[in-house]
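Trainee: I would like to learn how to read a few features of a model, taking the general idea before the particular case. Could we go through one together?

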Amino acid sequence: MKTSSAARGKKTAFAAALAVVLIAAATIAGAWFFQLALNILPCPLCLEQRYAYYLVIPLGLLVAFAAAKGAPRCLIIPVLAVLALAALGNAGLGAYHAGVEWGFWPGPTDCTGPVLDLGKAGLLDNLDKVKVVRCDEVQWRFLGLSLAGYNALISLLMAVIAGWGVAALAGKVR
């Protein structure tokens with residue numbers, strides 16, 4: 001028995017949404033592992049790059065559930081498009097951060113550490129307690145890429161997968 005184009009599109013959308021969720025969950029788990037187990041602390045740009053994952057995971061689960069339950073394409077396509085745009089925006093942020101690390105352009109000024117309360121102790125006492133996590137210093141590289149570079153690539157992959165789901169639902173691909 002042949003399945004209709006719409007049914008195939010919904011199966012593809014389900015697979016795309018689930019793939020994006022799994023990739024995002026693995027990536028954010030990896031970020032937390034680097035932070036908590038390996039003590040590689042995130043800078044402000046690193047933390048901002050996590051926001052997209054915190055959006056993509058529950059939204060992707062919602063899309064996968066809706067596609068599995070046979071929701072209309074007009075409801076699934078916009079949410080998949082939001083997933084694609086969030087991932088694409090995050091890829092841009094990751095590329096920007098990697099460029100800051102490579103010295104291609106200046107980074108934000110807030111990557112200089114926490115504000116000190118100088119009223120309780122002297123400046124020298126507080127300086128010993130502060131660990132500044134700078135956005136322009138790479139803490140870890142593998143194969144020449146930093147975590148920001150890998151985030152850009154992973155986010156781009158998620159955007160492509162979500163776009164594939166949109167195209168499948170629109171009848172443009174199988």
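Trainee: How many disulfides does the count come to here?

Mentor: In general, a disulfide is a covalent bond that joins the sulfur atoms of two cysteines. In this structure, which is a predicted model, the count comes to zero disulfides.

Trainee: Why is the sulfur of Cys-46 too far for a bond with the closest cysteine sulfur?

Mentor: The cut-off for a pair of cysteine sulfur atoms is 2.5 Å, and because the closest cysteine sulfur to that of Cys-46, the one in Cys-43, lies 3.4 Å away, the pair is too far apart for a bond. As for accessibility, Cys-43 counts as buried because its relative value is 2%, while Cys-46, at 25%, counts as partly exposed.

Trainee: How far apart are the end C-alpha atoms of helix α2, and what span should its residues give?

Mentor: Helix α2 covers residues 44-68, and at 1.5 Å a residue its 25 residues should span 36 Å, so the 37 Å between its end C-alpha atoms agrees with that expectation. Its buried residues include Leu-45, Tyr-53, Val-56, Ile-57, Leu-59 and Val-63, and also Gln-49 and Arg-50. Just after α2, Gly-70 takes a positive phi of about 80°.

Trainee: Where is Gly-163 found, and is Gly-163 buried or partly exposed?

Mentor: Gly-163 is found in helix α5, which runs over residues 147-169, and with a relative accessible area of 30% Gly-163 is partly exposed. The C-alpha atom of Gly-163 is separated by 8.9 Å from that of Leu-85, although the two residues are 78 residues apart along the chain.

Note on methods. Residues are numbered from 1 along each chain as its sequence is written. This is a predicted model: local features need pLDDT of at least 70, side-chain atom pairs count only at pLDDT 80 or more; totals for chains, interfaces and linings use all residues. Side-chain values use heavy atoms; hydrogens and water are left out. Helices (H or I, at least four residues) and strands (E, at least two) are DSSP runs, numbered from the N terminus. The expected span of a helix is 1.5 Å times one less than its number of residues. Buried means under 20% relative accessible area, exposed over 50%, partly exposed in between (1.4 Å probe, protein chains only).
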